[in-house]
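The stops below go from the whole chain to single residues.

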Amino acid sequence: MATTDEKAALGYEQARDELIEVVRRLEAGGTTLEDSLALWERGEELAKVCRHWLEGARARLDASLADDTADSEPGEG
């Protein structure tokens with residue numbers, strides 16, 4: 001499971017690129033069951049890191065849009 005430290009340490013692009021590599025290796029096959037499970041687990045952790053970054057970006061965007069809407073309401077000024 002991705003820890004808070006890992007979420008902070010890995011940037012979105014780094015986690016995404018590693019996740020792409022994990023998926024590529026899983027799709028290529030030729031790994032043992034043990035290695036495949038380890039790759040799958042790592043992929044799940046990386047997906048959580050990416051999701052964490054995307055949710056944070058969405059929250060910042062929503063907050064910014066809410067601020068813009070509040071600033072432009074009629075009758076203020």
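How much accessible surface does the protein have, and what share of it belongs to carbon and sulfur atoms? The total is about 5900 Å², with 54% belonging to carbon and sulfur atoms (Shrake-Rupley method, 1.4 Å probe). This is a predicted model, in which local features need pLDDT of at least 70 and side-chain atom pairs count only at pLDDT 80 or more, while totals for chains, interfaces and linings use all residues. Residues are numbered from 1 along each chain as its sequence is written, and side-chain values use heavy atoms, with hydrogens and water left out.

Colour by pLDDT (the predictor's confidence in each residue, from 0 to 100). The protein's mean is 89, and 83% of its residues reach 70 or more.

Switch to cartoon. Three helices and zero strands are present (DSSP runs: helices H or I of at least four residues, strands E of at least two).

Select residues 33-71, helix H3. Its 39 residues should span 57 Å at 1.5 Å a residue, and the end C-alpha atoms are 57 Å apart, which agrees (the expected span is 1.5 Å times one less than the number of residues).

Next, select Leu10, Ala15, Val22, Leu39, Leu46, Val49 and Cys50, the largest nonpolar core (buried Ala, Val, Leu, Ile, Met, Phe, Trp, Tyr and Cys residues joined through side-chain atoms within 4.5 Å; buried means under 20% relative accessible area, 1.4 Å probe, protein chains only). H3 gives the largest share, four residues.

Finish on Leu46. Leu10, Ala15, Glu18, Leu19 and Val22 touch Leu46, leaving aside residues up to four places away in sequence (contact: heavy atoms within 4.5 Å).

Definitions and conventions. Buried means under 20% relative accessible area, exposed over 50%, partly exposed in between (1.4 Å probe, protein chains only).
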